[in-house]
Amino acid sequence: MLYYSTNRKAPAAGLREAVTRGLAPDNGLYMPERIPALPDHFYATLRGKSLQEISFEVAFQFFGDDIPAADLKRIVEESLNFPIPLVPVKDNLFSLELFHGPTLAFKDVGARFMARLLGYFIHGENRQINVLVATSGDTGSAVANGFYKVPGIHVFILYPSGLVTPTQEKQFTTLGENITAIEVEGKFDDCQRLVKEMFLDEEVNRQMVLTSANSINLARLLPQSFYYFYGYAQTKKGKEVVCSVPSGNFGNLCAGLIAKRMGLPIIKFLAATNVNDVVPEFLNTGVYRPRESVPTLSNAMDVGNPSNFARIYDLYHQSVEAMRKDMVGYRYTDDQTRQIICDVYNQTGYLLDPHGAIGYKALEEYLAHHADCQGFFIETAHPAKFTEIMSSIIHQPIEIPPSLKKLLEGEKRTVKIKNNRDELKQFLLSHS
Ligand SMILES: *Cc1c(COP(=O)(O)O)cnc(C)c1O
């Protein structure tokens, strides 16, 4: 399989190149040249299959030419080694819980898969690959845990000292082994700038192999299509299925649309956002107006210029009419988000996190006008990741799952540096 750049000014790349590069040389995003359709018998037997079986069959369509089946099977099984249950919340409305992975958020799927794919490509080489990533909180934990103990790979995570929550910090500073957390005396923007400077530094690039693990990487995008098939497989026979996706950079939704293009019969996708509603607005008006993001309760979705929009637009051949056939936009304020969490908790006992709440509400509204449908929303994170916000909304303490508790008990180990490129550079060069 070859991968083209959405800007179409760079040559198509093979899987290995697309994954190690991340972004195409013309700054476009890589997309598969062809979206393979799955055969009828796959769909006929979908409802009885396990997450790992389904994921392998979908993965094989994309990666089967590039990776031997046995290796691909191992990569899939190691990446998706936690349950993704479809939980009923009320009649015809289900939650696809993607928060049972090590960092309690759906980003675990993509990060774990990418780490293992990269590990496979460098296997047998005696050079170390260095993943350099800046985080404002959540990406760091998914990447650190995804790459933890993967042979041949070392991860350096830069984060702004004192500006991430204690829970977030524990998730990437207590692991040790091949994960180094670098605490920068500065802001997130400084961390991001330092990372960019290292990617552009000739001496650093001569002495070490550097790569990025940000969410535009194809190896994080494509595995996210697997769980849409598995979510569908757990619905009841009979009613048509719709799916609601709380979105920020729109990687998750893009993966769902790819699954649909492969033949998955989800009839509608709901693009649900907080007030950072560039995409719902585009679906309504046909005008794309990227802008500065506004901080909200669902902060992982505070994106004013969603990077995966280019992929979705390309998938629909730049036609807003075509997009409207498959997608409807919804947007909710923080006040509405609080109200949704409260109402659903009081009415059903189900505790939504601030991101999932937005997906839930869009689905509830859609189903109210489409009695012939059932649907699921993607619950992207465990509410315990947002203890302070959650307890202020439901006025009760939040139960912390054992896996998170264990992380919180670990000892923080970091390297402190000033907001200074030479200090970072010396540190990296002495550790490569
Ligand atoms: C990253 C994230 C999102 C947004 O996903 P996109 O793929 O960027 O649209 C939603 N919820 C949570 C909890 C996240 O961490």
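Reply: The expected span of a helix is 1.5 Å times one less than its number of residues. In this predicted model, that rule can be applied to helix H5, which covers residues 107-122. Its 16 residues should span 22 Å at 1.5 Å a residue, and the C-alpha atoms at its ends are 23 Å apart, so the two values agree. Of the 16 residues of H5, 14 are buried, and the helix is thus mostly covered. After H5 comes Gly124, which has a positive phi near 90°.

The ligand site may be considered next. Lys107, Gly248, Asn249, Phe250 and Thr380 come nearest among the 14 residues around the ligand. By class, this shell consists of 6 nonpolar, 7 polar and 1 charged residues. Several backbone atoms face oxygen atoms of the ligand. A polar backbone atom of Asn249 is 2.8 Å from a ligand oxygen. For Asn252, a backbone N or O atom lies 2.9 Å from an oxygen atom of the ligand, and for Gly251 the corresponding distance is 3.2 Å. The ligand taken alone exposes 380 Å², of which the protein buries 95%.

The cysteines complete the account. A disulfide is a covalent bond between the sulfur atoms of two cysteines. The structure holds 0 disulfides. Cys254 is in no disulfide, and the nearest cysteine sulfur, belonging to Cys243, is 13 Å away. Cys254 has a relative accessible area of 0% and is therefore buried. Cys191 is likewise buried, with a relative accessible area of 0%.

Note on methods:
Residues numbered from 1 in each chain as written. Predicted model: local features only at pLDDT ≥ 70, side-chain atom pairs only at ≥ 80, totals over all residues. Heavy atoms only, no water. Near = heavy atom within 4 Å. Polar contact = N/O pair within 3.5 Å; in protein donor to acceptor, adjacent residues only side chain to side chain. Areas by Shrake-Rupley, 256 points an atom, 1.4 Å probe, with all protein chains shown as cover. Nonpolar A, V, L, I, M, F, W, Y, C, P; charged D, E, K, R; others polar. Helix = DSSP H or I, 4+ residues; strand = E, 2+ residues; numbered from the N terminus. Buried < 20%, exposed > 50% of the residue type's maximum accessible area, 1.4 Å probe, protein only. Disulfide = S-S within 2.5 Å.
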